[in-house]
Amino acid sequence: MFIARMSAVVAVIMLVSASPAAALGPFCGKGDKSFVGRYEMRGVPEVGSQLVIKKDGSFVFELAYGANDQYGKGCWTQTDRVIALFADNGRKISGDHTPDTRGFKGLVLMKSGRDLLWSIPGSRYTGRFKRF
């Protein structure tokens, strides 16, 4: 009985480690799969950013602003009009993430038609991620 349980535990660990989204919890990868794709951000001067949302529940985020480059990856989830990007290194999202932020601490985006909007804290700008 003990060996059968240990085998089941090892199988679950192997399954979780095979999927980057699953490693962060059951909330990852749940959402509208029509948002899977490659996006480019527009509407914020001097900022270049791309986002890839993958069907396995993972994402890759890149941003360049002056001398500050950000790179993030992790998992995503979506509820109603909100899409949350959780960084690999945490299960919380920083509410004050901006292009000036060092590192990547997660983002919350709002659906707007086929686009994703990032209302940048402390700024009058809203980044619009458009699919390309």
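Each exercise below gives a task and then a worked solution; keep in mind that this is a predicted model.

**Exercise 1. Get the overall layout: how many helices and strands are there, and in which pattern do they follow along the sequence?**

Step 1: walk along the sequence. The pattern reads α-β-β-β-β-β-β-β-β.

Step 2: check how much is tucked away. Of the 132 residues, 39% are buried. The accessible surface is about 7,800 Å², and carbon and sulfur atoms account for 58% of that.

**Exercise 2. Find the largest nonpolar core and say which of its residues touch the most other members.**

Step 1: see which strands contribute. At least two core residues come from each of β1 (37–42), β2 (47–53), β3 (58–65), β5 (82–87), β6 (107–112) and β7 (115–119).

Step 2: Leaving aside residues up to four places away in sequence, Leu85 touches Leu51, Phe59, Cys75, Trp76, Ile93, Phe104, Gly106, Leu107 and Leu109.

**Exercise 3. Classify the ring pair of Phe61 and Trp118: what are the distance of the centres and the angle of the planes?**

Step 1: note the total. There are three aromatic pairs in the structure.

Step 2: take the geometry. The ring centres of Phe61 and Trp118 are 6.4 Å apart and the planes sit at 85°. Planes over 60 degrees apart count as edge-to-face, so this pair is edge-to-face.

Step 3: Phe61 is in strand β3 and Trp118 in strand β7, 57 residues apart, so to speak linking distant parts of the chain.

Step 4: check the burial. Phe61 has a relative accessible area of 0% and is buried, and Trp118 is buried too, at 2%.

Step 5: widen the view. Ring pairs join Phe59, Phe61, Phe104 and Trp118 into a cluster.

**Exercise 4. Compare Ser49 with Lys54: is each one buried or partly exposed?**

Step 1: start with Ser49, which lies in strand β2. Its relative accessibility is 4%; the cut-off for buried is under 20%, so Ser49 counts as buried.

Step 2: The Ser49 side chain reaches the backbone oxygen of Glu62 at 2.8 Å.

Step 3: move to Lys54, in the loop between β2 and β3. At 35% relative accessibility, Lys54 is partly exposed.

Step 4: list the neighbours of Lys54. Not counting residues up to four places away in sequence, Lys54 touches Val36, Val60 and Trp76.

**Exercise 5. Track down the salt bridges: which residues are linked in a network?**

Step 1: get the total. The whole structure has three salt bridges.

Step 2: take Arg42 and Glu40, whose side chains meet at 3.9 Å, N to O. Both are partly exposed, Arg42 at 42% and Glu40 at 31%.

Step 3: go to Asp115. Arg128 meets Asp115 at 2.8 Å, N to O. Arg128 is in strand β8 (residues 126–131) and Asp115 in strand β7, so the bridge ties together parts 13 residues apart in sequence.

Step 4: Asp115, Arg128 and Lys130 form the network. Asp115 is buried at 10%, whereas Arg128 and Lys130 are partly exposed.

Terms used: Residues are numbered from 1 along each chain as its sequence is written. This is a predicted model: local features need pLDDT of at least 70, side-chain atom pairs count only at pLDDT 80 or more; totals for chains, interfaces and linings use all residues. Side-chain values use heavy atoms; hydrogens and water are left out. A nonpolar core is a set of buried Ala, Val, Leu, Ile, Met, Phe, Trp, Tyr and Cys residues joined through side-chain atoms within 4.5 Å. Buried means under 20% relative accessible area, exposed over 50%, partly exposed in between (1.4 Å probe, protein chains only). Helices (H or I, at least four residues) and strands (E, at least two) are DSSP runs, numbered from the N terminus. Contact means heavy atoms within 4.5 Å. Accessible areas come from the Shrake-Rupley method with a 1.4 Å probe; for residues, only the protein chains shown count as cover. Rings of Phe, Tyr and Trp (its six-membered ring) pair if their centres lie within 6.5 Å; planes under 30 degrees apart count as stacked, over 60 as edge-to-face and the rest as tilted. A polar contact is a pair of N or O atoms within 3.5 Å; within protein, one must be able to donate a hydrogen and the other to accept it, and residues adjacent in sequence count only if both atoms are side-chain atoms. A salt bridge is a side-chain nitrogen of Lys or Arg within 4 Å of a carboxyl oxygen of Asp or Glu.
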